[in-house]
Amino acid sequence: MNLEPHKVRSDRFDRYRSDGPSSLRGKLCLLRSNWRIFRMADARCSCGAVTLSLPKEPSKIIVACHCIDCQRRTGAPFGVGAYYPADVVTISGTSKEFTHAAASGGKIHNYFCPQCGSTVYWKLSNLPALIAVAVGAMAEPKYPAPVISVFEQSKHDWVQIDGAVEHFRQSSPKKNSN
Ligand SMILES: [Zn+2]
Ligand SMILES: [Zn+2]
C-alpha cells in the first residue's frame, strides 16, 4: 500500500524514459532553454560585486558598436549594449565611473566594478533616460541579436553582423549610413 506513491512517481519517470534516455535529456534541455527564454538573465561583473536586475522582457534596442572606445573598453573588436529605460533597472553594488567624450557626441559615463574591472553598464549624456547594459554581462546566449550596428568605419573586416540590422558608418542619430 505504501508503495503506491512511489509507483506513481516511477510511472511518470518511465513515461519520459519510454523513448530512451537521450530523449529525456533532450526534454530537460528544452525545458531549461524555454525557461531561459522567458526568464532573461540579470547582468553582473566577473566577480559578482556589481549586479543589475533587468526586466523579463529583453530590450528592443540592442546596439553593436565598433567605435575605438568600445574596442578599448571591452578589449574585444566591438561592444554590444542593450538599452533599457533607466528606471526599470535596479543596480546593486558600488561601481566606479569613467567619463569621456562619446564618439557620437556628448559624454559617455562607463560604470565598472572596482574589484574585477568589468564594465557592466554605461550612460550617454545625450540619452539621459536610458541605461545601456553590456550584453556579455548577462551571460545569456539566447539574448536577441543587435538591431543596429554603428561606427562600422572602424569595424574589424572579419566581423559580420547579420540579420535585420541597420548599418551606420558612424552613429545612428547622424543618419550617415553607408
Ligand atoms: Zn566585479
Ligand atoms: Zn562605441
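**View 1. Which strands form an open sheet of 3, in what order, and is the pairing parallel or antiparallel?** The order is 1-2-5, and the pairing is antiparallel. Strands here are DSSP runs of E with at least two residues, helices are DSSP runs of H or I with at least four residues, and both are numbered from the N terminus. Two strands count as paired if DSSP finds at least two bridges between them. Strand 1 (43–44) and strand 5 (90–92) sit at the edges with a single partner strand each, so one side of each has no neighbour in the sheet. Strand 1 meets strand 2 (residues 51–53) in the antiparallel sense, over 2 bridges. Look for Arg-44 here: its bridge partner in strand 2 is Thr-51.

**View 2. Stepping back to the whole chain.** This is a predicted model, where local features need pLDDT of at least 70 and side-chain atom pairs count only at pLDDT 80 or more, while totals for chains, interfaces and linings use all residues. Residues are numbered from 1 along each chain as its sequence is written, and chains are lettered from A and ligands numbered from 1 in the order in which they are written. The protein has 3 helices and 11 strands. Of the 178 residues, 26% are buried. Buried means that 20 or more other C-beta atoms lie within 10 Å of the residue's own, exposed means 12 or fewer, and partly exposed is in between, with C-beta atoms placed from the backbone. Take the contacts with a separation of 6 or more: 48% of them join residues 24 or more positions apart. A contact means that the C-beta atoms of two residues, placed from the backbone, lie within 7 Å.

View 3. Strand 6 and strand 7 (residues 107–112) run antiparallel over 6 bridges, and Glu-97 has Tyr-111 in strand 7 as its bridge partner. Next along, strand 7 and strand 8 are antiparallel too, joined by 5 bridges. In that pair, Ile-108 stands opposite Leu-124 in strand 8. Strand 8 (residues 119–124) then pairs with strand 9 (residues 130–134), antiparallel over 2 bridges. Here the partner of Trp-122 is Ala-132 in strand 9.

View 4. In the hairpin of strand 7 and strand 8, with 6 residues between the strands, Gly-117 has a positive phi near 85 degrees. Gly-106 is exposed, with 11 other C-beta atoms within 10 Å. Beyond its neighbours within four places in sequence, Gly-106 is in contact with Leu-124, Ser-125 and Asn-126. Gly-106 and Asn-126 are 20 residues apart along the chain, yet their C-alpha atoms are separated by 5.8 Å.

**View 5. Inside the largest nonpolar core.** A nonpolar core is a set of buried Ala, Val, Leu, Ile, Met, Phe, Trp, Tyr and Cys residues joined through C-beta atoms within 7 Å. The largest one has 32 residues, and those with the most contacts inside it are Ala-43, Cys-65, Val-120, Tyr-121 and Val-133. Strand 3 (61–65), strand 4 (79–85), strand 7, strand 8 and strand 9 give two or more residues each. In soluble globular proteins, nonpolar side chains tend to be buried together. Zoom in on Cys-65: residues up to four places away aside, Cys-65 touches Cys-70, Phe-78, Gly-79, Gly-81, Val-150 and Phe-151.

**View 6. Two residues with a positive phi that are not glycines.** Most residues other than glycine have a negative phi. Phe-151, in the loop between strand 10 and strand 11, has a positive phi of about 55 degrees. Phe-151 counts as buried, because it has 24 C-beta neighbours inside 10 Å. Ala-139 lies in the loop between strand 9 and strand 10 (148–150), and its phi is positive at about 45 degrees. Ala-139 is exposed, with 11 other C-beta atoms within 10 Å.
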